[in-house]
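Dear colleague,

Please find below the structure that I am handing over to you. My notes on what was found in it follow directly after.

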Amino acid sequence: MIVGIICSAVAGAFISVQAAVNAKMNVYLGAWATTVLVFIVGLLGSLVPLVLFGGNLQGLFDISPIYALGGLLGVGVVFCVMRSIQLLGPTLSVSIILVSQLIWALGVDLTGAFGMPQLSLSSGQVIGLMVLLLGVIVFKQSQATALQQETSNEATSR
């Protein structure tokens, strides 16, 4: 379990940093060129451990074609995260992304989609989701207030 927690924390860090880097790269290359570059570098980065540690590429013929959509979903992830960070800023964007991820993951758990174990909805899950949604709202309001105060302070100091 601890390895799963560590991997989750590292993934969260990687996603946040990657999103900020991609958003900056987008300024110079454009959204689609950045997305292509991200996946080319990702492919090359994936080939190294594949060669070093091996993998079961024979299994490609055993999986349902629907699972190949994961790559297309990845394109959507990179593009949408990059654009949302440009439009909303990193913290608000990631907050909304986290809520969306949790809602969709809960849907997967409740339906047992993609062969995952089907779980029941608990009141604790509903409460946790509501607390998270409320946290994003409070965060956004706090951010707007801080920005307004900063703008007011700059106008006063001139």
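Leu-132 is partly exposed, at 31% relative accessibility (buried means under 20% relative accessible area, exposed over 50%, and partly exposed in between, with a 1.4 Å probe and protein chains only). The residue lies in helix H5 (helices are DSSP runs of H or I with at least four residues, numbered from the N terminus). Leaving aside its neighbours within four places in sequence, Leu-132 is in contact with Val-99 and Leu-102, where contact means heavy atoms within 4.5 Å. Leu-132 and Thr-35 are 97 residues apart in sequence, and their C-alpha atoms are 30 Å apart in space.

Please note that this is a predicted model, in which local features need pLDDT of at least 70 and side-chain atom pairs count only at pLDDT 80 or more, while totals for chains, interfaces and linings use all residues. Residues are numbered from 1 along each chain as its sequence is written, and side-chain values use heavy atoms, with hydrogens and water left out.

I turn now to the packing of the helices.

Helix H4 (residues 90-111) and helix H5 (residues 123-157) pack with their axes 10 Å apart, at an angle of about 165 degrees. Here, axes are lines fitted to C-alpha atoms, for helices over the stretch in contact, and angles run from 0 to 180 degrees between N-to-C directions. H4 and H5 are therefore roughly antiparallel to each other (angles under 35 degrees count as roughly parallel, over 145 as roughly antiparallel, 65 to 115 as roughly perpendicular and the rest as oblique). Their crossing is left-handed, a term used if the near helix is turned anticlockwise from the far one by less than a right angle, whereas clockwise gives right-handed. On the H4 side, the contact is made by Thr-91, Leu-92, Ser-95, Ile-96, Val-99, Leu-102, Ile-103 and Leu-106. H5 contributes Gln-125, Leu-129, Leu-132, Leu-133, Val-136, Phe-139, Lys-140 and Gln-143. By class, the residues of this contact are 11 nonpolar, 4 polar and 1 charged (Ala, Val, Leu, Ile, Met, Phe, Trp, Tyr, Cys and Pro count as nonpolar, Asp, Glu, Lys and Arg as charged, and the others, Gly among them, as polar).

The loop between H4 and H5 holds Phe-114. Although Phe-114 is not a glycine, it has a positive phi of about 60 degrees. With a relative accessible area of 57%, Phe-114 is exposed.

H4 also packs against H3, with the axes 7 Å apart and an angle of about 135 degrees. That makes H3 oblique to H4. The crossing of H3 and H4 is right-handed. In this contact, Val-81, Ser-84, Ile-85 and Leu-88 of H3 meet Pro-90, Leu-92, Ser-93, Ile-96 and Ile-97 of H4. The residues divide into 7 nonpolar, 2 polar and no charged.

How do H1 and H3 cross, and at roughly what angle? Their axes come within 8 Å and cross at roughly 80 degrees. That makes H1 roughly perpendicular to H3. From H1, Gln-18, Ala-19, Ala-20, Asn-22, Ala-23, Asn-26 and Val-27 meet Val-78, Val-81, Met-82, Arg-83, Ile-85 and Gln-86 in H3. This contact has 8 nonpolar, 4 polar and 1 charged residues.

Asn-26 deserves a separate note. It is found in helix H1 (residues 2-29) and counts as buried, at 9% relative accessibility. Leaving aside neighbours within four places in sequence, Asn-26 is in contact with Ala-31, Thr-34, Met-82, Arg-83 and Gln-86.

Finally, I come to the aromatic residues. Rings of Phe, Tyr and Trp (its six-membered ring) pair if their centres lie within 6.5 Å; planes under 30 degrees apart count as stacked, over 60 as edge-to-face and the rest as tilted. By this rule there are 2 aromatic pairs. One of them is the stacked pair of Trp-32 and Phe-79, with 4.5 Å centre to centre and 10 degrees between the planes. The pair links distant parts of the chain, as Trp-32 is in helix H2 (residues 31-53) and Phe-79 in helix H3 (residues 69-88), 47 residues apart. Trp-32 is exposed, with a relative accessible area of 53%, whereas Phe-79 is partly exposed, at 21%.

Helix H3 also holds Gly-70, which counts as partly exposed at 40% relative accessibility. The C-alpha atoms of Gly-70 and Tyr-28 are separated by 27 Å, and the two residues are 42 residues apart along the chain.

Yours sincerely

How values were computed: Helices (H or I, at least four residues) and strands (E, at least two) are DSSP runs, numbered from the N terminus.
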